[in-house]
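Reader: I am new to protein models and would like to learn how to read one. Could you walk me through it, step by step?

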Amino acid sequence: NPDIAAYAKLLTGGLITLATTLTSDSIFNNFLSENKTDALLHGHSYTAHPIGCAVANTSLQTYREMESHGDADKARQDWGAINHPTSNGLGVWSLWDQKVVDRISQMDIVEGVVPLGSVLAIQMRETSGPSGYASLLSQKVQQKMREKKSEEEDCEVAIFGRPLGNVVYMIASQVSTREQLAKVEKILLRTLEGQL
């Protein structure tokens, strides 16, 4: 229950720009005034964007349907988020397989891994060339994944990886199945284990 929360990318399933900032009543009331100088004059770009709002409504409806069908329950259970004593069933979990994430995190070419919900962020260890945002390593990973995917027979999955410097962001869609993600994980592992 944060006092301030910002929601963006998954609000629209990553399809279109839209963001919102939510605050507790106590924070909101500190800025509630008839005077412009008292207002919090900051907001996300595209807040209340009509097309974004329509997409967000559809996205949120999809989330509700997933919750009512228990689609994420298996992932929560696998990550221990359901039975964790302090989580109230809302602990940290990911759609990405915990064993695969653990395997990736132990690779020499990986600096760190962050799995959260539908996102898998992999920080690559840069050994030659520029580091951080200037690195081209994540683009290389993405290209190698395309090559590995084309080598797979009957691999009917789309792979979306966002390269950002030395960090590869893998993003599962709201409707990705475990079977589809297993295929993507296989390609990702083959790519990373090939030492690029």
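This is a predicted model: local features need pLDDT of at least 70, side-chain atom pairs count only at pLDDT 80 or more; totals for chains, interfaces and linings use all residues.

Reader: How many helices and strands does the protein chain have?

Author: Helices (H or I, at least four residues) and strands (E, at least two) are DSSP runs, numbered from the N terminus. Here there are 6 helices and 6 strands, and along the sequence they follow the pattern β-β-α-α-α-α-β-β-α-β-β-α.

Reader: What share of the residues in the protein chain is buried?

Author: Buried means under 20% relative accessible area, exposed over 50%, and partly exposed in between (1.4 Å probe, protein chains only). In this chain of 196 residues, 31% are buried.

Reader: And what can contacts tell me about the protein chain?

Author: Contact means heavy atoms within 4.5 Å. Taking the contacts between residues at least 6 apart in sequence, 55% join residues at least 24 apart.

Reader: Let's pick a helix. What span does α6 reach?

Author: The expected span of a helix is 1.5 Å times one less than its number of residues. Helix α6 (residues 178-193) has 16 residues and reaches 22 Å from first C-alpha to last, close to the 22 Å expected. Its buried residues are L181, V184, E185, I187, L188, L189, T191 and L192, and the elements covering them include α4 (98-105), β4, α5 and β6 (167-171).

Reader: How are α4 and α6 placed relative to each other?

Author: Axes are lines fitted to C-alpha atoms, for helices over the stretch in contact, and angles run from 0 to 180 degrees between N-to-C directions. Angles under 35 degrees count as roughly parallel, over 145 as roughly antiparallel, 65 to 115 as roughly perpendicular and the rest as oblique. The axes of α4 and α6 come within 11 Å and cross at roughly 10°, so the two helices are roughly parallel to each other.

Reader: Which residues of α4 and α6 meet?

Author: From α4, V100, R103 and I104 meet E185, L188, L189, L192 and E193 of α6. By class, this contact of α4 with α6 has 5 nonpolar, no polar and 3 charged residues. For the classes, Ala, Val, Leu, Ile, Met, Phe, Trp, Tyr, Cys and Pro count as nonpolar, Asp, Glu, Lys and Arg as charged, and the others, Gly among them, as polar.

Reader: Now single residues. Is S135 buried or exposed?

Author: S135 sits in the loop between β4 (119-124) and α5 (137-151), and counts as buried because its relative accessible area is 4%. Leaving aside neighbours within four places in sequence, S135 is in contact with E126, P130, G165 and N166.

Reader: With which side chain does S135 make a polar contact?

Author: A polar contact is a pair of N or O atoms within 3.5 Å; within protein, one must be able to donate a hydrogen and the other to accept it, and residues adjacent in sequence count only if both atoms are side-chain atoms. The side chain of S135 makes one with the side chain of E126, at 2.5 Å.

Reader: Is S150 buried or exposed?

Author: S150 lies in helix α5 and is exposed, since its relative accessible area is 61%.

Definitions and conventions
Residues are numbered from 1 along each chain as its sequence is written. Side-chain values use heavy atoms; hydrogens and water are left out.
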